[in-house]
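Please keep the viewer open while you read.

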Amino acid sequence: MLRVKVPASTANLGPGFDTLGMALSLYNYVEMEETGTQGELIIEVQGEGAASIAVDEKNVTWQAAQAVFQVTGCYPTGLHIRLHNEIPAARGLGSSAAARVGGLIAANYLVGEPLVREQLLALAVGLEGHPDNAAPALMGGLVAASFTERGLLYRRLEVPAGLQVIVAIPSYELSTQEAVRALPAMIPLRDAVFNLGQACLLITGFLTQDWPLIGQAMEDRIHQPYRAPLIPGLEEALKAARAAGALGAALSGAGPTVLALAIEEEGPDQGNFKHQAQLKKIGEAMREAFYRSGVASTVRILSPCAEGAKLELSS
Ligand code: HSE
């Protein structure tokens with residue numbers, strides 16, 4: 001059975017609503033094979049979301065595979081999909097983008113790879129409706145993207161070494177649709193200008209490895225304030241992460257996960273040990289802040305992931 005490994009992703013990174021996303025070191029695996037029986041569909045799910053993910057035509061990996069079959073006109077004879085998920089579902093860590101990207105790549109391979117990555121990206125972004133999870137899931141690294149009249153304009157950046165990501169993942173799910181419905185149709189010009197400044201400075205911070213600048217340029221005024229009522233403890237967790245020494249913190253994608261960034265200082269092992277303690281302290285501060293708001297959460301320490309979705313063929 002062919003297998004695709006797809007990274008999680010964090011979208012927005014604070015000010016980059018629907019435009020910035022970064023791949024993370026947490027993975028979903030999509031396996032796919034032809035069954036040989038016309039019309040047969042078998043979907044199995046293990047791991048995160050196993051109890052709630054659809055195992056029929058509503059499954060987003062199956063829908064992504066169908067998109068490939070329809071575009072190419074090549075259809076397998078029956079389909080068996082097996083999902084092994086490490087990315088928590090509906091928490092703002094790009095689980096649906098990973099499921100879709102995995103489905104696209106696996107299906108494309110199954111029918112002889114007629115589509116190139118650019119075409120798979122266009123399909124993934126079309127299915128997602130926004131590029132900031134799909135693009136890093138497919139390409140890895142940090143991706144800036146914008147819809148233009150000529151299509152999707154995007155660039156991928158390497159994330160500087162040493163950057164680490166601490167996430168506090170609340171125990172409840174928040175659907176992206178619900179988090180999108182919380183947004184207003186229009187925002188004040190001054191808030192748009194504020195976010196433009198922050199997003200430009202954030203990318204400048206990444207390009208010049210200016211860590212303090214990254215920390216100061218993760219503020220947002222166009223989605224987080226409107227989503228805060230849906231996410232008890234959000235403001236408190238953001239503040240707690242910064243107070244505990246994070247460079248900066250933001251809502252991960254549409255939430256409810258909160259993400260904090262920290263930088264590993266160069267130095268001997270002792271420094272590294274101190275760094276691990278610092279990461280744990282930031283995570284614990286976020287977890288406690290959520291807890292004080294009545295929300296249980298799990299903390300994970302992750303790294304940015306340079307590699308995008310990858311086909312793994314077993315012999
Ligand atoms: N940019 C999207 C949003 C990400 O914030 O709604 C959804 O995962």
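The report below goes from the overall fold to the domain interface and then to a few local details.

Please keep in mind that this is a predicted model. The C-alpha trace of the chain spans about 60 × 45 × 40 Å along its principal axes. For 315 residues, a compact globule would have a radius of gyration near 20 Å, and the chain agrees with this because its value is 20 Å. Its secondary structure comes to ten helices and eleven strands.

How is the chain divided by the domain assignment? Domain 1 covers 2-157 + 305-313, and domain 2 covers 163-302. In domain 1, then, two segments of the chain are listed, 2-157 and 305-313.

| Item (domain 1 and domain 2) | Value |
|---|---|
| Separation of centres, over C-alpha atoms | 25 Å |
| Residues in contact | 21 residues of domain 1, 36 residues of domain 2 |
| Area buried between them | about 2100 Å² |
| Residue pairs in polar contact | twelve residue pairs |
| Salt bridges | zero salt bridges |

Of the area buried between domain 1 and domain 2, 69% is on carbon and sulfur atoms. Which three residues supply more of the area that domain 1 buries against domain 2 than any other three? They are Pro15, Phe17 and Arg91, which supply 29% of that area.

Polar contacts cross this interface too: twelve residue pairs are found, while the count of salt bridges between the domains is zero. On the side of domain 1 that touches domain 2, the elements giving two or more residues are β1 (2-11) and β2 (20-34). The largest share, five residues, comes from β2. By class, this side of domain 1 has 14 nonpolar, six polar and one charged residues.

In general terms, side chains of opposite charge can pair when their charged atoms come close.

**Two backbone details**

Most residues other than glycine have a negative phi, and most peptide bonds are trans. Two places in this model are worth a look with that in mind. Leu13 is not a glycine, yet has a positive phi of about 50 degrees; Leu13 sits in the loop between β1 and β2. Gly255 and Pro256 are joined by a cis peptide bond, with omega about 5 degrees. Pro256 is placed in the loop between β8 (248-251) and β9 (258-263).

Terms used: Residues numbered from 1 in each chain as written. Predicted model: local features only at pLDDT ≥ 70, side-chain atom pairs only at ≥ 80, totals over all residues. Heavy atoms only, no water. Domains from an automatic or database assignment. Contact = heavy atoms within 4.5 Å. Buried area = accessible area lost by both parts, 1.4 Å probe. Salt bridge = Lys/Arg side-chain N within 4 Å of Asp/Glu carboxyl O. Polar contact = N/O pair within 3.5 Å; in protein donor to acceptor, adjacent residues only side chain to side chain. Helix = DSSP H or I, 4+ residues; strand = E, 2+ residues; numbered from the N terminus. Nonpolar A, V, L, I, M, F, W, Y, C, P; charged D, E, K, R; others polar. Rg over C-alpha atoms; globule rule 2.2 N^0.38 Å.
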